[in-house]
Amino acid sequence: MNVTDFVTALTEKMTSEYDYEGSSTTMGDYEDGSVCDRSAVRQFRSYYEPALYWIIVILGAIGNFLVVWIYTHFANRLKSMTDVYLLNLALADLFFLCTLPFWAADSLSGWTFGSALCKIVSAIYKINFLSSMFLLTCISVDRYIVIVQTTKAQNSKKTRLLYSKLICVLVWILAALLSIPEFLFARSKSDDEGNHFCTMVYWNNENNRTKIIVLVLEICMGFCIPLIVMIFCYSNIIRTLLKTRNFQKHKALRVILAVVTVFVISQLPYNGMLVLEATQAANTTITDCKELQRFDITGQVLKSLAYMHSCLNPFLYAFVGVRFRKDVIRVFQSFGCCRTAKNSKLLSGSLHRPSVMSDTDTTNALSL
């Protein structure tokens with residue numbers, strides 16, 4: 001056997017040991033025994049993803065950096081469990097946004113950063129995406145305790161603040177453990193045209209078991225469990241608010257509705273695609289190349305929709321609070337961006353509009 005034959009045989013053996021994920025989704029690559037051409041999907045990514053990702057990065061960076069700035073520059077700002085969660089949520093979103101420029105570059109010119117950086121960026125993406133979902137869940141649980149179990153929350157305020165810091169540590173550890181597949185399977189691979197992509201390369205075991213396990217974990221931990229907890233907590237919060245005789249409850253209900261609606265709209269379609277992807281990995285239900293390409297493109301659009309949640313979090317969870325809005329205006333005033341007289345009117349007006357996502361000592365039942 002000459003050198004050429006040896007290299008060819010070795011390449012075929014290595015290829016048979018792994019299950020390659022496509023440049024966009026992990027659906028099957030073959031139609032009637034031939035490789036499905038993904039060039040149309042890659043071309044769509046090059047037009048669609050870079051501009052959208054940079055918009056998400058810019059908007060998300062402004063909002064989340066402002067949250068971090070306020071929490072780190074105002075004394076005694078971390079007064080509640082939700083404050084601790086919001087700070088960690090902003091940090092998680094900022095770290096997550098740092099990975100999007102790499103994916104934007106990947107969609108334009110392929111992955112030119114090597115397999116090591118592919119593993120690191122993929123893991124950072126997964127850690128911060130999952131930690132964001134977990135922290136949103138923690139916020140809903142804290143709101144449930146404060147609003148539904150008000151007496152218990154007041155009696156254990158200091159203890160809960162300590163617990164919140166421990167919970168955040170556990171959240172980061174759990175997210176890091178769930179990102180182990182990215183460290184194991186993410187790598188740079190090339191197609192027939194010599195283009196390199198950062199993608200997941202799974203072990204090719206029976207019925208794609210490894211890929212299915214990874215997808216099921218992502219769906220359950222990143223969406224199903226947070227959604228179930230949020231529905232339970234916010235439904236009980238709404239029931240409690242409806243029993244109160246307070247005109248402020250209508251604004252509070254609108255905030256809760258916005259929080260749940262944005263979460264479902266941004267995360268449900270993408271996770272639905274992941275379910276179909278897991279089904280395809282198990283049964284290979286899609287064999288038509290055109291249909292496979294449409295599925296890949298749809299997956300890219302829904303993934304981008306899920307990413308937009310990182311730039312909406314500051315507005316849903318932080319800026320709607322009265323005290324937080326006051327601190328934002330103080331930041332702008334310190335830079336000479338706003339006139340004091342004008343903003344004093346804004347502050348006085350906002351004080352009459354507390355929401356369920358604010359944090360005051362006198363309206364715990366309706367505030368963050």
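Tutor: Let us begin with secondary structure: helices (H or I, at least four residues) and strands (E, at least two) are DSSP runs, numbered from the N terminus. By that reading the protein chain has 13 helices and 5 strands, and threonine 210, for example, lies in helix α8 (residues 209-242). Please keep in mind that this is a predicted model, in which local features need pLDDT of at least 70 and side-chain atom pairs count only at pLDDT 80 or more, while totals for chains, interfaces and linings use all residues. Residues are numbered from 1 along each chain as its sequence is written, and side-chain values use heavy atoms, with hydrogens and water left out.

Student: Is threonine 210 buried or exposed?

Tutor: Buried means under 20% relative accessible area, exposed means over 50%, and partly exposed lies in between (1.4 Å probe, protein chains only). With a relative accessible area of 11%, threonine 210 is buried. In space, threonine 210 is 9.8 Å from alanine 281, C-alpha to C-alpha, although 71 residues separate the two in sequence. Over the protein chain, which has 368 residues, buried residues make up 49%.

Student: Which residues of helix α11 are buried?

Tutor: They are His309, Ser310, Cys311, Asn313, Pro314, Leu316, Tyr317 and Ala318. Since 8 of the 10 residues of helix α11 (residues 309-318) are buried, this helix is largely enclosed by the rest of the structure.

Student: How should I read a disulfide, and how many does a search of the whole structure find?

Tutor: A disulfide is a covalent bond between the sulfur atoms of two cysteines; the test applied here is a pair of cysteine sulfur atoms within 2.5 Å. The search of the whole structure finds 1 disulfide, formed by cysteine 118 and cysteine 198, whose sulfur atoms are 1.9 Å apart. Cysteine 118 lies in helix α4 (residues 114-148) and cysteine 198 in strand β5 (residues 196-203), so the pair ties together parts that are 80 residues apart in sequence. The torsion about the S-S bond of cysteine 118 and cysteine 198 is about 85 degrees, so the disulfide is right-handed. Both cysteine 118 and cysteine 198 are buried.

Student: What is the general idea of a salt bridge, and how many are counted?

Tutor: Side chains of opposite charge can pair when their charged atoms come close. The rule asks for a side-chain nitrogen of Lys or Arg within 4 Å of a carboxyl oxygen of Asp or Glu, and by this rule the count comes to 5 salt bridges. One of them joins the side chains of aspartate 106 and arginine 45 (3.3 Å, N to O). This pair links distant parts of the chain, with aspartate 106 in helix α3 (residues 81-109) and arginine 45 in helix α2 (residues 39-73), 61 residues apart. Both aspartate 106 and arginine 45 are buried.

Student: Which residues form salt bridges with lysine 126?

Tutor: Lysine 126 forms a salt bridge with glutamate 182, the closest N and O atoms being 2.9 Å apart. Lysine 126 lies in helix α4 and glutamate 182 in helix α7, so the pair ties together parts that are 56 residues apart in sequence. The side chain of lysine 126 also meets that of glutamate 218 in a salt bridge (3.8 Å, N to O), and here the link runs from helix α4 to helix α8, across 92 residues. Lysine 126 and glutamate 218 are both buried.

Student: Which residues is asparagine 271 in contact with, leaving aside its neighbours within four places in sequence?

Tutor: Contact means heavy atoms within 4.5 Å, and, with those neighbours left aside, asparagine 271 is in contact with Glu218, Ile219 and Phe223. Asparagine 271 is found in helix α9 (residues 249-283) and is buried, with a relative accessible area of 6%.
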